[in-house]
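Reader: Hello! Please take me through the model below, one feature at a time, with the cut-offs spelled out as they come up.

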There are 2 protein chains.
Amino acid sequence: MSEQALLKLDEAELRGLLDGRWANIRERARDVIQGEQFAPVHGLSMEDHRARTLKQLMALAETGMPAYGFPESVGGTDDIGASVVAFEMLVADMSLMVKMGVQFGLFGGAIKALGTDEHHQKYLPDVMTVALPGCFAMTETGHGSDVQRLRTTATYDAGSGEFVVHTPDESARKDYIGNAARDGRMAVVFAQLRTPDGEGGLIEHGVHALMVPIRDRKGKPMPGVTIEDCGPKAGLNGVDNGRLWFDGVRVPRTNLLNRYGDVAADGTYSSPIENQNRRFFTMLGTLIRGRISVAGGAGTATKASLAIAIRYADTRRQFTRPATDSRPEREVRILDYLAHQRKLLPALARTYGLHFAQEELVTRLHELSKSEERDERAQRELESRAAGLKAVATWHATETIQTCREACGGSGYLAQNRIPQLKADSDIFTTFEGDNTVLLQQLTKALLTNFKDSFGDLDQLGLARFMAGRVFETVIERTAAIPLIDRLIAAAPGRDEASLYNRGWHLELFEDREKHITEGLARRLRRAKKDGSDAFEVFNRAQDHVLAAGRAHMDRVVLEAFVAGIDRCGDKSTAKLLNRLCDLYVLSVIEEDRAWFLEHERLSTARTKAVSAAVNDLCRGLRPYAVRLADAFGLRDEWLGAPIALGAEERRQEVQQADERAERPKQEQQA
Amino acid sequence: MSEQALLKLDEAELRGLLDGRWANIRERARDVIQGEQFAPVHGLSMEDHRARTLKQLMALAETGMPAYGFPESVGGTDDIGASVVAFEMLVADMSLMVKMGVQFGLFGGAIKALGTDEHHQKYLPDVMTVALPGCFAMTETGHGSDVQRLRTTATYDAGSGEFVVHTPDESARKDYIGNAARDGRMAVVFAQLRTPDGEGGLIEHGVHALMVPIRDRKGKPMPGVTIEDCGPKAGLNGVDNGRLWFDGVRVPRTNLLNRYGDVAADGTYSSPIENQNRRFFTMLGTLIRGRISVAGGAGTATKASLAIAIRYADTRRQFTRPATDSRPEREVRILDYLAHQRKLLPALARTYGLHFAQEELVTRLHELSKSEERDERAQRELESRAAGLKAVATWHATETIQTCREACGGSGYLAQNRIPQLKADSDIFTTFEGDNTVLLQQLTKALLTNFKDSFGDLDQLGLARFMAGRVFETVIERTAAIPLIDRLIAAAPGRDEASLYNRGWHLELFEDREKHITEGLARRLRRAKKDGSDAFEVFNRAQDHVLAAGRAHMDRVVLEAFVAGIDRCGDKSTAKLLNRLCDLYVLSVIEEDRAWFLEHERLSTARTKAVSAAVNDLCRGLRPYAVRLADAFGLRDEWLGAPIALGAEERRQEVQQADERAERPKQEQQA
């Protein structure tokens, strides 16, 4: 393996494979997102950037791309998968990506998912054209992650047939709301719904969503609505995030998005879901698309940064290689340094794996949205997977883009080379649509119940119930290409005989680690419970263990998706190359966590040392393909926008070399 | 150890300990850097920010603080240590920090170090008052890390008695030069010095520095000088970085900073250092203060971010702890979560260690600058240590500030909360004053020669010479508090009997790891050489090993400084607390690299698992002190500037709690 044969890379085949099921959507984005209007910019003032982003959004609306996510009943194409893929392609300016997500995904998506046909007909056509710019007003200053404890109230007044929407204090103001500071006219407001109990008291029904106008057509805040600008942010300054307060704002009863809970004119509450907790999580579950979109968007930002950094590293030279018998002295391309390969190539490999995992996830979301019957378990699995993938994909983005910044040196710090903006814009992705640490815990809790039961979010009651249980065994369920993966595992040789590059061995190893960590965690939680310890304390003390379980699960999910992706590749030689990339993914994950494998006697020390050596070998072997592998994602040159990635460095070096050849005589003339 | 007794923390004692030898300078900075003029700002346009930074710099000049770094002969106080400490305190706006570094440290520092008395008298008084704003024009677009291959030329014309400074092409333009785009009037230009050989040819003398006027008093570029703005950057937009081209620009012979190389009127070159390579590295070595300052500045940015994130985490609450018999339901402070402690507290511990190591380094620099005789070996050690500390301190800053951003959630993304700017401003610290990856390799190469010989920068000849050598043994030299550390190690029990908290065992373990990695590397390089392999390839294939050796060395250096620092603490109880913090530093380093300790049979799996458990215990035990430990660095509240760290969160929660108590009746009135 140490010296690897050169392989042919079929670029068209690879592009087709990566473009995947929604290739036409990607191609459409490549067609549409062109020209000055959509080109990357930097150095705009916040106000100018916001104005530009709104213009872009309107232009985008005219292309029909927003229609993907909406029902046919209102002129949409009802293609959820397409809507997620379209979102993730908007990397030329991530402010547009996020603004689009707010308008069509969050605002429009909430009306679609939580409203009923009347709401769809009334609002969605204007949402799609951006005639009605809107907000998704969920997060409050006091409660971001813990949505169930939002404190804005919507109290039904049977006398007038209206809801009174109210912000009791600063903690309950809506915060970080996209589209609020400048453009939004309407907001889907999440609030604690209360109806009169007929005896002067109130009945609480938990969090529901209502349509609340926040500005008139002239842009003036509506009576009782106070709006504040969140001001400049680290990035995404084309998006106008703001704060909202409601002072006894009255809206008609029909403004309640009433798919999961309705209030009759007389104030009687009704819902198809009896249990308040279940109703809450069902409602939240319908909004899962946003989280999946964020994972995809993070992926594109990562790909763009890697494309820039790898192209630059492939041309940039620094320090000379001394002359040998066969070669003259020459400066070394920085991607020829092992340390530089180690910075960029394992990250590229993981980016491929995450890409395939994202495609799997979008497909599931899409299929589920099409299915007639509601499959609770499949929905729960989708939500858990989305939580996990969002966490690992956005962390990977943050880490990789940071690495790319450093890998490009001073050039990577200049705004003109795009990386600063990609870094700053994507930085919040680890936080919004769910804090990663919270999400990874949600995933682990779902693993502990094998998706059968729900803990709710970080609900302690469900946890206590779990801890009081008896036997626990992880059920490892394949997430992709089941027969293939079963076959590979079955063919894997015994632990120590397997080649380091045996895929069956890899799959088995990842599966075994996940199982061991999860079961160990279950035992630990139950053992502690028996001692009568406080459920919160027990869980809290195991929190690093909880997060490790989530990560191990996602490593396996990503690997299975990678394997399934390669299996779809129609060109043998290209597939072979992708297999090497997959080896690099697997072995760099093992290397990173090799302490675990040693501590649990899964690998010998000789074997872990061999893994590190193999990572080096693979880096060296993949180096000649790095540029093409990074380019295969098909992000247009003008989306990358960075001169260092678009030939500036080559041109400079050519002139330098010509000058160096001509230098001496010129110098003599000068002196 | 699991349940730790509460300890008294003597805040004044701790402040004194951390303020250290240059406490008066820190106090002076706390006095001076106050009020609106110096307060953190955000959202300024680049032009406004630059104007403000220049104003701040002039104001700073009036305080006399810049005088620290300059000779008494020109009115300075010749206190190098003070100049470094003053630099690092300017965290209220890091653009000012860097602008100050450019003007006084790099520009003034180069004149001081490379020039002779005539230059000092002529320029330094105006440098100190900023009457002469200037640039340090070393880096070129084509060569940043590889300074020896700079391509700007300074060719002596004996006829006119002038140097002709020339930029042959785009690769040789000066790039990223601070003070160049807007304010600089003079530049110290690094160029390849050439003198006529009397036969129509030229003799090359390597890189030298000259004073070259770049703008007239009105700010117009001088004839032959072209200036371009680098434009917006990720951060530090108050600093006007630019590019410079010289088209046959003529300066008088006396503009050569001639301490290490001079040209007589007739063109004869002379130097106190015969060997060109040695001369080059000697000249570079005199500029080491810049690198040390950057390590210090990165430290302050880290401390500021941690102070913000830890204060916020100490007050911010999210998710409820379920009611138990003894306690009502309540929301949990996020710093009470283990995962959050793990994010912030080991980083705080390492920040302490780096702080003490920085103080050691500054002291060495200071002492060396005072010594009459030049000690080559001590100088070489200082340079290596500076390279290593700059690398680990700036990587630690990047990683920690990123973590703080996430730990503060959406609040951490708002410009008003400072973290975005601290992140963006400090991001380039891993690159400027030497790319970290390059620096860490330099350190390792010095370790391989036990500081006796020099490889030069990444010089292949020296490397080949090393590889051809025979016996190699690391000489572990204590870097701080030698008798104490020897005593601790001597008292350490055997490997497996030692308590996890035994300091002697820690010291021995770190020392042993460094020795093993370095000696293994030496053997590997020499073995390969014997096989007749190409020196470059051999070294490149071992690059991850090379970097690991540098890291292991720095872990030990930081630990020894930490131990020595605690030894200076006058209060027993506070020292005990610092020892716990030091335990957290050591054990989290071991945990991170536990795979190495397992692979090399230094620790058993039982022991590494115990280390992870101990890290958790220490986090929990240190949590009650976290805010005071972060505050002990004495960064003024107004420097932090972030509302979330200055009481906004507490006030909000108090109102919320009052509202929650009063809520029900109010709701009833509304409905």
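Reader: Which helix holds His340(A)?
Author: Glad to begin there, with a predicted model in which local features need pLDDT of at least 70 and side-chain atom pairs pLDDT 80 or more, while totals for chains, interfaces and linings use all residues. Residues are numbered from 1 along each chain as its sequence is written, chains are lettered from A and ligands numbered from 1 in written order, and side-chain values use heavy atoms, without hydrogens and water. Helices (H or I, at least four residues) and strands (E, at least two) are DSSP runs counted from the N terminus. On that numbering, His340(A) sits in helix 10 of chain A.

Reader: Is His340(A) buried or exposed, and at what relative accessible area?
Author: It touches Ala313(A), Ile334(A), Leu335(A) and Ala407(A), leaving aside residues up to four places away in sequence; contact means heavy atoms within 4.5 Å. Buried means under 20% relative accessible area, exposed over 50% and partly exposed in between, with a 1.4 Å probe and protein chains only. His340(A) therefore counts as buried, at 9%.

Reader: How far apart are the axes of helix 5 and helix 10 of chain A?
Author: Axes are lines fitted to C-alpha atoms, for helices over the stretch in contact, and angles run from 0 to 180 degrees between N-to-C directions. Helix 5 (residues 80-88) and helix 10 (residues 338-370) of chain A pack at about 145°. The distance between their axes is 8 Å.

Reader: How many nonpolar, polar and charged residues make up that contact?
Author: From helix 5 of chain A come Ile80(A), Gly81(A), Val84(A) and Glu88(A), which meet Gln358(A), Val362(A), Leu365(A), His366(A) and Ser369(A) in helix 10 of chain A. Ala, Val, Leu, Ile, Met, Phe, Trp, Tyr, Cys and Pro count as nonpolar, Asp, Glu, Lys and Arg as charged, and the others, Gly among them, as polar. The tally is four nonpolar, four polar and one charged.

Reader: Over how many bridges do strand 7 and strand 8 of chain A pair?
Author: Two bridges join strand 4 of chain A to strand 8 of chain A, where Ile177(A) has Gly242(A) as its bridge partner. Gly242(A) is also the partner of Asp229(A), and Arg243(A) is that of Glu228(A). Between strand 7 and strand 8 (residues 242-246) of chain A, the antiparallel pairing runs over five bridges.

Reader: How many residues of strand 8 of chain A are buried?
Author: Gly242(A), Leu244(A) and Phe246(A) point one way from the strand, and Arg243(A) and Trp245(A) the other way. Strand 8 of chain A is mostly covered, the buried count being five of five.

Reader: What is the phi of Asn179(A)?
Author: Asn179(A) lies in the loop between strand 4 and strand 5 (186-196) of chain A, and at 1% relative accessibility it counts as buried. Although it is not a glycine, its phi is positive, at about 75°.

Reader: What separates the C-alpha atoms of Ser145(A) and Val438(A)?
Author: Ser145(A) is in the loop between strand 1 (134-137) and strand 2 (153-157) of chain A and is partly exposed, at 24% relative accessible area. Val438(A) is 293 residues away along the chain, yet the separation is 7.4 Å.

Note on methods: Two strands pair if DSSP finds at least two bridges between them.
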